[in-house]
Amino acid sequence: MIISRRFVGTLAVVLLALLVSGVVVWRSRPPPPAAEPLVVAVAVSVFGAPLWVADRQGFLAEEGLQATLRRYPTGKLAMEAMVQGEAEVATVAETPIMFASLVGTPLRVIANFASSSEQSIVARTDRGIRQVTDLRGRRIGVTLGTTAHYVLHVLLSDQGLSEADVELVPLPVTEQAAVLAAGRVDAVSTFAPYSTQCRRALGDQAQTFMTGIRYVGYASLVVAPDFTHRRPEATRRLLRATERAILWMRAHPQEAVAIAAEATGQEAPSLQETVDSIRANLGLDQGFVVLLQAEARWAIAAGLAPGATVPDYLDLVDASPLAQLHPEAVTLIQRP
């Protein structure tokens with residue numbers, strides 16, 4: 001085949017034009033958004049798995065966040081760090097949020113990202129504890145003001161007991177396994193990974209009472225009241241990165257367990273059941289508000305919040321960022 005000089009010249013002109021136009025388009029593209037720094041206080045719990053995954057898989061960075069994840073033994077401590085200015089966002093279950101609301105602590109919930117019933121009571125069978133009613137008169141270790149405290153109330157009340165029927169021993173979660181193994185308490189009310197540590201410490205002398213359907217707790221992202229207005233782009237990026245992590249966890253369950261195990265310092269096999277019980281999902285639903293109301297009534301009736309009244313929990317929720325991202329994920333019943 002003979003190619004004419006005219007054809008070659010035309011082709012060269014066309015290629016040059018394409019090259020020039022490509023350079024113009026490339027140069028006209030806006031630069032990638034500058035990375036925004038963000039400090040997140042994350043509880044050392046399988047509840048925090050979406051945040052650990054978002055960090056490990058690079059979703060936070062890809063969404064334009066220069067994120068620093070700081071570890072805290074409980075969500076209560078993580079939230080307190082946020083309130084004190086050590087972090088800008090915290091992962092926390094609903095019970096510390098409820099207690100904070102009763103004393104007017106300024107905060108806002110921007111999303112729930114997981115729900116679970118993995119809280120439990122771990123008791124010593126060598127003390128004759130085979131069922132919940134056997135806890136009457138026993139010393140029970142618990143970190144006051146956490147979900148484990150409320151769960152203890154729920155499991156006791158189901159059997160006609162109250163906190164007055166047991167001796168509560170305030171106990172940090174990091175000390176529970178050692179104290180239980182030493183016999184200084186008869187049982188502990190706790191949550192993973194500390195429940196796993198307690199069972200291992202007791203071996204075949206451990207008796208576990210699970211909450212089952214009686215309690216479903218929520219893990220939330222909590223910020224200062226003005227955060228979403230002061231840093232709207234960081235809020236959107238955080239929600240997008242968290243959502244990507246949740247979707248990745250569903251597609252890669254074994255890898256997600258491995259990341260959670262490394263983050264919590266546990267072995268993957270021991271965490272599998274707990275991770276399986278977690279329902280990771282980005283949303284804000286009415287069940288969250290109803291649970292906060294129920295816990296607030298318990299705290300007030302139990303004398304844990306003298307003089308307090310049940311707040312309007314819609315005031316503690318800033319649903320606007322999530323509603324912009326996924327309107328269908330917000331199912332709160334708004335005021336008429």
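1. Of the contacts in the protein between residues at least 6 apart in sequence, 79% join residues at least 24 apart. Contact here means heavy atoms within 4.5 Å.

2. Basis of the note. This is a predicted model, in which local features need pLDDT of at least 70 and side-chain atom pairs count only at pLDDT 80 or more, while totals for chains, interfaces and linings use all residues. Residues are numbered from 1 along each chain as its sequence is written, and side-chain values use heavy atoms, with hydrogens and water left out.

3. Overall make-up. The protein has 14 helices and twelve strands. These elements are DSSP runs, numbered from the N terminus: helices are H or I with at least four residues, strands are E with at least two. Buried residues account for 51% of the 336 residues. Buried means under 20% relative accessible area, exposed over 50%, and partly exposed in between, with a 1.4 Å probe and protein chains only.

4. Helices α7 and α8. Helix α7 covers residues 173-181 and helix α8 covers residues 194-202; their axes come within 9 Å and cross at roughly 15 degrees. That makes α7 roughly parallel to α8. The crossing is right-handed. From α7, the contact uses Val 173, Thr 174, Gln 176, Ala 177, Leu 180 and Ala 181. From α8 come Tyr 194, Gln 197, Cys 198, Ala 201 and Leu 202. By class, that is eight nonpolar, three polar and no charged residues.

5. Terms for the packing. Axes are lines fitted to C-alpha atoms, for helices over the stretch in contact, and angles run from 0 to 180 degrees between N-to-C directions. Angles under 35 degrees count as roughly parallel, over 145 as roughly antiparallel, 65 to 115 as roughly perpendicular, and the rest as oblique. A crossing is right-handed if the near helix is turned clockwise from the far one by less than a right angle, and left-handed if anticlockwise. Ala, Val, Leu, Ile, Met, Phe, Trp, Tyr, Cys and Pro count as nonpolar; Asp, Glu, Lys and Arg as charged; the others, Gly among them, as polar.

6. Helices α6 and α13. Helix α6 (residues 147-158) packs on helix α13 (residues 286-301) at about 75 degrees, with the axes 11 Å apart. The pair is therefore roughly perpendicular. His 149, Tyr 150 and His 153 of α6 meet Leu 291, Ala 294, Glu 295 and Trp 298 of α13. This contact divides into four nonpolar, two polar and one charged residue.

7. The twelve residues of α11 (residues 253-264) should span 16 Å at 1.5 Å a residue, and the end C-alpha atoms are 16 Å apart, which agrees. The expected span is 1.5 Å times one less than the number of residues. Buried residues of α11 include Ala 256, Val 257 and Ala 261. Gly 265 follows the helix with a positive phi, near 75 degrees. Glu 267 sits in the loop between α11 and α12 (268-277). Beyond four places in sequence, Glu 267 touches Arg 200 and Ala 261.

8. Ser 120 lies in strand β5 (residues 120-124) and has a relative accessible area of 0%. Outside four places in sequence, its contacts include Val 188, Arg 199 and Phe 209. Thr 242 belongs to helix α10 (residues 232-251). Thr 242 is also buried, at 0%. Outside four places in sequence, Thr 242 contacts Pro 50, Leu 51, Phe 113, Leu 221 and Leu 282.
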